[in-house]
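Here is a briefing on one protein model. Have the sequence and the structure open side by side.

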Amino acid sequence: MAGKQFPSLAHARPASASSRRLLSAAGALVLLSAAYFLLLSPSSPRPTAAVLASPSPATTSFLASLDSFLAAPHASDSAAAPGDLDAAIRAQEEARLHGDPAWPAPAAGPLRVYVYEMPRKFTYDMLRLFRDSYRKTDNLTSNGSPVHRLIEQHSIDYWLWADLIAPESRRLLKSVVRVQRQEEADIFYVPFFTTISYFLLEKQECKALYRDLVNITPCSQEALKWVTDQPAWQRSEGRDHVIPVHHPWSFKSVRRFVKKAIWLLPDMDSTGNWYKPGQVYLEKDVILPYVPNVDHCDSKCVFETQSKRSILLFFRGRLKRNAGGKIRSKLVEELKSAEDIVIEEGSAGAQGKAAAQDGMRKSLFCLSPAGDTSSSARLFDAIVSGCIPVIISDELELPFEGILDYREIALFVSSTDALQPGWLVKYLRRMDAKRIREMQSNLVKSSRHFLYSSPARPLGPEDLTWRMLNEHFRYFSAFKDLS
């Protein structure tokens, strides 16, 4: 599990007024990161219920949230692009660099996000297409997984966007604020639903839809050409623009044209099968968790299922995968004859969801091997089910590393050890009962970090995403001042 590697500042030029301010900023970032860790660590004292309580009920159901979202009126409230964005930004930058007291400290204040008001066919109409076709389609992917269930698993674009554009009176997050003027923005959010587009449109009538996102065909004027024409994009070549690319098949045909933007990903794909070299890396992009495919097993549920967890190790999913996921078939051969272990073939459909949810709630440990990429949705299903994940993926980068300590909620096993005859079963059977209870308790506390909701809740995945992006922005803003 690799950590984030930032460029070294050891050989910076001799200290100047600006560099001293940078060091102060860096110190503030360190303190802020420490505060995040103390706040989020399962072993640390928790904020009181009153602090985390939501003033209104939150839903974690994608369909229920989507129905409510589409039923509400959504008037366009975006401001026109400024005539001279460079001049406006230059004034802001000079004020910051010369110590204007009105400018916030590098680690202070929420992340300021400008949300592009895209043509409705790329946003609301796309969501309606998904909603209206959800129950009447039986379309399957090549491996038998229901298309709409896959879209749900990767619906991070919906959860982030719906919260950003919600009325301020309904929002709970303090880590991010939407701004209406581009020159006030730290970053720019591009609300295009890449997974819906890929599965529901690209293979049928709209192969050129992705091409509408960049200026490479005559049709591009109808879509995101106006974004690439925006002063903000042209000024930075997209470096301060956020694009959700959470399914490894999505956005594939145009990735090379937007590779400088910040991508929201499921993992870094160490196999190289899905992202080409130079397209994704930790210093630029952010990893987000999958949307869980099973219902949340809360503290009451975990307590009630405690005595029913008679299965030592459970896995349900595709047993044959590509690239790093080939380890799955090898694990089947190793584990198929062991007692108290359930390894099942299954998909993400309604019946598969029920079977997986039932199996996870009856198990102490849940196997989480690599899929087609180094990550797997099973990890997040296990976390919200109170089932201790056993991660077998040697090159996996996890969401919100540096903020969350996964050693408190999961076991990491190398593929070499896992494939040794009898090793994994012995390792799990020898696990101390006290340690198991501690990890189960930590899962209950930590599950909120992986539950997308409407409204988005403090310390939920939406909140941690903006905190990670804020840390990215503050660091690179400070680092840029050295040059």
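Which residue in E5 does Pro244 stand opposite? Pro244 stands opposite Leu264.

This is a predicted model, in which local features need pLDDT of at least 70 and side-chain atom pairs count only at pLDDT 80 or more, while totals for chains, interfaces and linings use all residues. Residues are numbered from 1 along each chain as its sequence is written, and side-chain values use heavy atoms, with hydrogens and water left out.

Helices (H or I, at least four residues) and strands (E, at least two) are DSSP runs, numbered from the N terminus. Two strands pair if DSSP finds at least two bridges between them. Buried means under 20% relative accessible area, exposed over 50%, and partly exposed in between (1.4 Å probe, protein chains only).

- All 5 of the 5 residues of strand E1 (residues 111-115) are buried, so E1 is largely enclosed by the rest of the structure.
- Leu111, Val113 and Val115 point one way from E1. Arg112 and Tyr114 point the other way.
- In a regular strand, side chains alternate between the two faces of the sheet.
- E1 pairs with strand E2 (residues 176-179) in the parallel sense, over 4 bridges. Tyr114 stands opposite Val179 in E2.
- E1 also runs parallel to E3, joined by 3 bridges. Here Val113 stands opposite Ile187.
- Strand E3 (residues 187-189) in turn runs parallel to E4, with 2 bridges between them. Phe188 has His241 of E4 as its bridge partner.
- E4 pairs with strand E5 (residues 262-265) in the parallel sense, over 3 bridges.
- Both faces of E4 are covered. His241 and Ile243 are buried on one side, Val242 and Pro244 on the other.

- Asp240 sits in the loop between helix H10 (231-236) and strand E4 (241-244).
- Is Asp240 buried or exposed? Asp240 counts as buried because its relative accessibility is 14%.
- The Asp240 side chain makes a polar contact with the side chain of His241 (2.9 Å). A polar contact is a pair of N or O atoms within 3.5 Å; within protein, one must be able to donate a hydrogen and the other to accept it, and residues adjacent in sequence count only if both atoms are side-chain atoms.
- Not counting residues up to four places away in sequence, Asp240 touches Asp186, Ile187, Phe188, Ala232, Arg235 and Ile262. Contact means heavy atoms within 4.5 Å.

**The open sheet, E7 to E11**

- An open sheet of 5 strands has the order E8-E7-E9-E10-E11, with parallel pairing.
- Its edge strands are E8 (341-345) and E11 (411-412), each pairing on one side only.
- Strand E10 (residues 388-392) pairs with E11 in the parallel sense over 2 bridges. Ile391 stands opposite Phe412 in E11.
- Helix H13 (residues 350-360) packs on the sheet, touching strand E7 (311-317) and strand E9 (363-369). The direction of H13 makes about 165 degrees with that of E7.
- Helix H17 (residues 433-446) lies across E9, E10 and E11. H17 runs at about 95 degrees to E10.
- Axes are lines fitted to C-alpha atoms, for helices over the stretch in contact; angles run from 0 to 180 degrees between N-to-C directions.

**Disulfides**

- The structure holds 2 disulfides, each a pair of cysteine sulfur atoms within 2.5 Å. Counting bonded cysteines along the chain, the pattern is 1-2, 3-4.
- Cys297 and Cys301 form one, with their sulfur atoms 1.9 Å apart. This link is left-handed, with -95 degrees about the S-S bond. Both Cys297 and Cys301 are buried.
- A disulfide also joins Cys366 to Cys387, S to S 2.1 Å. This link is right-handed, with 105 degrees about the S-S bond.
- The Cys366 and Cys387 pair links distant parts of the chain, 21 residues apart. Cys366 is in strand E9, and Cys387 is in the loop between helix H14 (378-384) and E10. Both Cys366 and Cys387 are buried.

**Helix H12**

- In helix H12 (residues 327-335), Ile327, Arg328, Leu331, Val332 and Leu335 are buried.
- These residues lie on the same side of H12, because they cover an arc of only 145 degrees around the axis. The arc is that of the directions from the helix axis to the C-beta atoms.
- An α-helix has 3.6 residues a turn, so residues three or four places apart point the same way.
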